[in-house]
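Welcome! Here is a short briefing to read alongside the sequence and the 3D view.

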Amino acid sequence: MSLPPDAPHDGDLLAAIDLGSNSFHMVVAQRVLGQLRVVDRLRETVRLAEGLDRNGRLAPEVQARAIDCLARFGQRIAELPPRHIRAVATHAVRQLRSPETFLIPAERALGHAIDVISGREEARLIYLGVAHEQPPRRGQKRLVIDIGGGSTECIIGSGMQPLERESLQVGCIASTRRFFPDGRLSARRWQAAQTEIAAEFQQFAATYRNLGWSEAIGSSGTNKAIGEICAKLRLSKGAVTAAALPVVRERLLACGHIDAIDLPGLSDDRRPIIAGGVLILEAAFNALGLQRMQVSAAALREGVLHDLLGRGGEDDPRLSSVAALMQRYGADLAQARRVEATALRLFDQVASEWQLDADARRLLAWAARLHELGLAIAHSGYHRHGAYLLQNSDIAGFSQQGQNYLAALVRCHRRSVPRTAFEMIPDRLLAHARHSAALLRLAALLHRARGDAMPPGLQLRADGETLTLRVDASWLQSHPLLRADLDTECEDMPGLGVHLNLLVD
């Protein structure tokens, strides 16, 4: 099977950047015989979550620290094609009241777009990374726990596919700051914190226990650090066990203060946040009835790398997500195919003038397949219902920006265009989103009768922000409803910043 034109080929370098709440990571790998061979790794402790206040504002000095790190990362990947790079931001950026105030300078420093991903998408990518680095046995179910700086992800999966995904709003930085704000460690504080965190795990603990797993794996730096402490204390050979955790906890509490923590195998940069990590892991062990957890070196960044191999091809996880949405909401497949085919035909006629790329083409195709999603709720305002579903669902493979992009196209494919339609779209994607919305409007309008008949010789030309649609006069005369719709569209489309001319000959 041939690879799509923009897919990575053997010898190509790929890079994944993980803007975590504690550390920023970058891994560069080469595609060799369809597999990935890591050639470089970079890691810097940024502690983004440490700079967040209760109002979702980021301390200037922490933002500066993050931007400096991304500038260094950007130098390493400056020669790589953009399609071979993916940068993802997690919990700390999700918590920002105004993400663009951070993302705009961050993307400028990195020289590449940054996708903000949901907690459940983060969980999917974490599982993908662990599953590729430590391939499971056929039919084996495993539990993966990843404790980050701002959130904790729990996944049960089989093979390469996650079966259950949860993201909890507890992380090693956030929990350390919350439960030990002055640094003092005590048994009373620990027990109170355990009770509160345990309640988070109890929301899904029964479901997970009923599904079951044959092995548990901990990923990312916190679990690795705790495993190393257990090994240095001769409590295990690197695994974390139910018997070892209370010993580690008592050693922590005996220190009395975070600044005084002195545990064997614990690095200096991990010391200020280890209490929150042990706290969360002990709560997870208790709630899920864990006895033993192996530690994996793989994490989110490895999952992003492996996900890159499939994006743009037949293994793109977004394809199955779009298909699942169509099935769940009973989309009319024939109508979706008609609108998609016409939208892409129009796209190809104007792509050069509007500088629309392969990503914009894919997103337009998916928006066409999903444009009637909201009919499952009600016909009245179904474009608004569909946009809401796309914006607020957990859709595997999509970033938050990607879901907002699809939602904007679906929202604007009919009726008037609200001023707020594109307020969630990053500036770098705004022109593509407006132009693609115009193409989807035309495609949906041309197939309003839900038939395959199309005007002969249909041509669309773009000149700046002006579209000229050329339609056969005799065909249009025999389709008066379409003529009326096109005349109205010449009035409505300016809401997208695009002017439509109708050329009848």
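Two strands count as paired if DSSP finds at least two bridges between them. Strands (E, at least two residues) and helices (H or I, at least four) are DSSP runs, numbered from the N terminus. This is a predicted model, in which local features need pLDDT of at least 70 and side-chain atom pairs count only at pLDDT 80 or more, while totals for chains, interfaces and linings use all residues. Residues are numbered from 1 along each chain as its sequence is written, and side-chain values use heavy atoms, with hydrogens and water left out.

**The chain as a whole**

- The chain holds 18 helices and 14 strands.
- The C-alpha trace spans about 90 × 45 × 45 Å along its principal axes.
- The radius of gyration, taken over C-alpha atoms, can be set against a globule rule of 2.2 Å times the number of residues to the power 0.38. For 505 residues a compact globule would come near 23 Å, and the chain's 26 Å agrees with that.
- A residue is called buried under 20% relative accessible area, exposed over 50%, and partly exposed in between (1.4 Å probe, protein chains only). Of the 505 residues in the chain, 55% are buried.
- A contact means heavy atoms within 4.5 Å. Among contacts with a separation of 6 or more, 69% join residues 24 or more positions apart.

**The five-stranded sheet**

- Five strands make an open sheet with mixed pairing, in the order β3-β2-β1-β4-β5.
- Its edges are β3 (35–45) and β5 (114–116); each has a single partner strand, so one side of each is left without a neighbour in the sheet.
- Axes are lines fitted to C-alpha atoms, for helices over the stretch in contact, and angles run from 0 to 180 degrees between N-to-C directions. With direction ignored, neighbouring strands of this sheet are turned by 20° against each other on average.
- Seven bridges link β1 (residues 13–19) with β2 (residues 23–32) in the antiparallel sense, and Ala16 stands opposite Val27 in β2.
- Helix α1 (residues 60–76) lies across β1, β2, β3 and β5, at about 15° to β2.

**The six-stranded sheet**

- A sheet of six strands is also open and mixed in its pairing, with the order β8-β7-β6-β9-β11-β10.
- β8 (161–168) and β10 (240–241) stand at its edges with a single partner strand each, so one side of each has no neighbour in the sheet.
- β10 pairs with β11 (residues 292–295) in the antiparallel sense over two bridges, and Val240 stands opposite Met293 in β11.
- Helix α9 (residues 274–288) packs on this sheet, touching β6 (141–147), β7 (152–158), β10 and β11, and its direction makes about 155° with that of β6.

- β12 (residues 459–463) and β13 (residues 466–471) run antiparallel and are joined by five bridges; here Gln459 stands opposite Arg470.
- These two strands form a hairpin with two residues between them, and Gly464 in the turn has a positive phi of about 65°.
- β13 also pairs with β14 (residues 499–504), in the parallel sense over six bridges, with Leu467 opposite Leu500.

**Residues to look up**

- Glu121 is found in helix α4 (residues 119–133) and is buried, because its relative accessibility is 1%. Leaving aside residues up to four places away in sequence, Glu121 touches Arg165, Ile395, Ala396, Gly397 and Phe398.
- Most residues other than glycine have a negative phi.
- Ser220 has a positive phi, near 80°. Ser220 lies in helix α7 (residues 220–232) and counts as buried at 15% relative accessibility.
- Arg450 has a positive phi of about 60°. Arg450 lies in the loop between α16 (427–446) and β12 and counts as partly exposed at 35% relative accessibility.

**Cysteines**

- How many disulfides are there, taking a disulfide as a pair of cysteine sulfur atoms within 2.5 Å? The count is zero.
- For Cys154, the nearest cysteine sulfur is that of Cys172, 14 Å away. Cys154 is buried, at 0% relative accessibility.
- For Cys490, the nearest cysteine sulfur belongs to Cys412 and is 18 Å away.

Definitions and conventions. A disulfide is a pair of cysteine sulfur atoms within 2.5 Å.
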